[in-house]
Amino acid sequence: MAIFMVVFCVLLMLFTCTALLKWNEVRYRKKGLPPGTMGWPVFGETTEFLKQGPNFMKTQRARYGNLFKSHILGCPTMVSMDPDLNRYILMNEAKGLVPGYPQSMIDILGKCNIAAVHGSTHKYMRGALLSLISPTMIRDQLLPKIDGFMRTHLNFWDNKIINIQQKTKEMALLSSLKQIATLESSSISEEFMPEFFKLVLGTLSLPIDFPGTNYRQGLQARKNIVSMLRKLIQERRASEEITHQDMLACLMNSQEDKYKLSDEEIIDQIITILYSGYETVSTTSMMAVKYLHDHPKVLQELRKEHLEIRKRKNLEDPIEWKDLKSMRFTRAVIFETSRLATIVNGVLRKTTKEMELNGFVIPEGWRIYVYTREINYDPYLYPEPLAFNPWRWLDKSLESQNYFFIFGGGSRQCPGKELGIAEISTFLHYFVTRYRWEEVGGDKLMKFPRVEAPNGLHIRVSSYC
């Protein structure tokens with residue numbers, strides 16, 4: 001009898017699972033949709049997408065072609081791996097293809113963050129953001145702060161084993177905090193940092209609000225960060241006799257110019273600046289250290305460029321705008337690191353109306369995942385695509401080719417691109433002119449959904465001189 005009950009329960013579970021899968025497929029079976037599978041109700045194929053990453057994409061493309069439907073991160077989604085269609089999607093926001101980031105990301109980063117808004121609101125918010133990180137602002141205000149921070153952050157690393165992943169994460173966040181709130185950054189950083197790391201984890205999770213989930217922790221972290229930033233804004237208003245020259249001061253004084261922002265908008269702008277810069281700057285810096293270690297000739301060329309800059313300076317002279325502009329090979333190393341490591345795998349859009357794309361009908365409200373990872377390994381665009389070859393980027397035309405999506409595309413190209421390059425370049429300058437390093441070994445790297453070393457990336461550092 002017991003055996004019969006076990007067999008019956010197993011068969012019942014199999015029947016239920018099959019019925020649920022079948023029901024979910026029928027639910028999204030509409031004439032004109034791309035081929036594909038939708039997985040489980042609610043969860044869809046999120047688990048397979050996050051665990052298998054590029055292999056999941058390749059398998060689906062082999063079965064269904066460059067356009068297929070799926071259900072990932074809580075949304076019915078059309079995945080596009082077609083380079084020409086991807087470019088069209090990114091260049092045509094006005095035709096009903098607006099940002100479509102997962103609900104978890106919108107909830108945690110805030111409804112006023114630049115990635116969530118579109119149309120005239122996006123233009124307005126982007127203008128406010130660009131006013132903070134223009135070339136003039138980088139040259140006159142931000143670069144001196146970046147330089148001062150990097151000098152201090154990279155002190156006393158010699159004769160130590162360090163986790164370069166942790167160091168670059170701290171570097172990216174603390175450098176941004178210094179640019180945002182120069183005088184207060186040191187006092188709030190210890191409380192701010194753990195909350196920010198929880199916020200980052202929550203943005204790429206299913207929006208399931210249960211205790212212990214990354215989503216719940218991310219929401220709570222946002223509340224704590226908003227509280228800290230609101231207190232900071234109030235304290236600044238109460239001490240008007242102190243003159244501040246940083247991003248927060250510019251945002252708070254925005255009522256004096258054409259980009260007048262509410263406190264809520266200011267807070268979401270700050271979170272956006274921190275979040276967008278953190279992921280790209282920290283990961284690109286870590287992977288540059290990894291690739292430079294693995295490619296001694298590249299390191300030799302990079303170090304040569306930076307030692308030439310140091311020869312023109314006294315020991316304590318900072319990196320200046322003209323020095324940054326002379327770092328041609330450094331810029332090439334950053335671009336090649338971003339390409340080969342694929343720091344950004346793609347971007348999400350949402351349809352505001354039913355539309356036809358490449359002969360398929362995409363319903364209103366669906367997400368479109370513009371998957372750009374495979375373009376980075378296209379041998380037509382990048383000969384020997386798996387080779388780490390920064391010299392390919394010395395041809396400036398590569399930056400302007402139609403399928404250059406490393407920093408986004410269309411009106412959504414990353415506004416902080418040049419600021420991020422300035423931060424990574426300054427980090428590399430002090431790192432390669434001060435230190436040698438070797439990997440301790442045994443650390444595993446993951447490339448999806450984020451580039452990370454689950455147990456850290458440990459290196460043994462010694463003085464270069």
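**Burial and packing**

Analyst: Thr342 is buried, at 1% relative accessible area; buried means under 20% with a 1.4 Å probe, counting protein chains only. This is a predicted model, in which local features need pLDDT of at least 70, side-chain atom pairs count only at pLDDT 80 or more, and totals for chains, interfaces and linings use all residues. Residues are numbered from 1 along each chain as its sequence is written, and side-chain values use heavy atoms, with hydrogens and water left out.

User: Which side chain makes a polar contact with that of Thr342?

Analyst: A polar contact is a pair of N or O atoms within 3.5 Å; within protein, one must be able to donate a hydrogen and the other to accept it, and residues adjacent in sequence count only if both atoms are side-chain atoms. Here the partner is Tyr377, at 2.6 Å. Thr342 itself sits in the loop between helix 15 (328-341) and strand 5.

User: How are two packed helices described?

Analyst: By the angle between their axes and the distance between the axes. Axes are lines fitted to C-alpha atoms, for helices over the stretch in contact, and angles run from 0 to 180 degrees between N-to-C directions. Helices are DSSP runs (H or I, at least four residues) and strands likewise (E, at least two), numbered from the N terminus. For helix 8 (residues 164-180) and helix 12 (residues 263-294), the axes come within 8 Å and cross at roughly 145 degrees.

User: Which residues of helix 4 are buried?

Analyst: In helix 4 (residues 83-91), they are Leu85, Asn86, Ile89 and Leu90.

Notes:
Buried means under 20% relative accessible area, exposed over 50%, partly exposed in between (1.4 Å probe, protein chains only).
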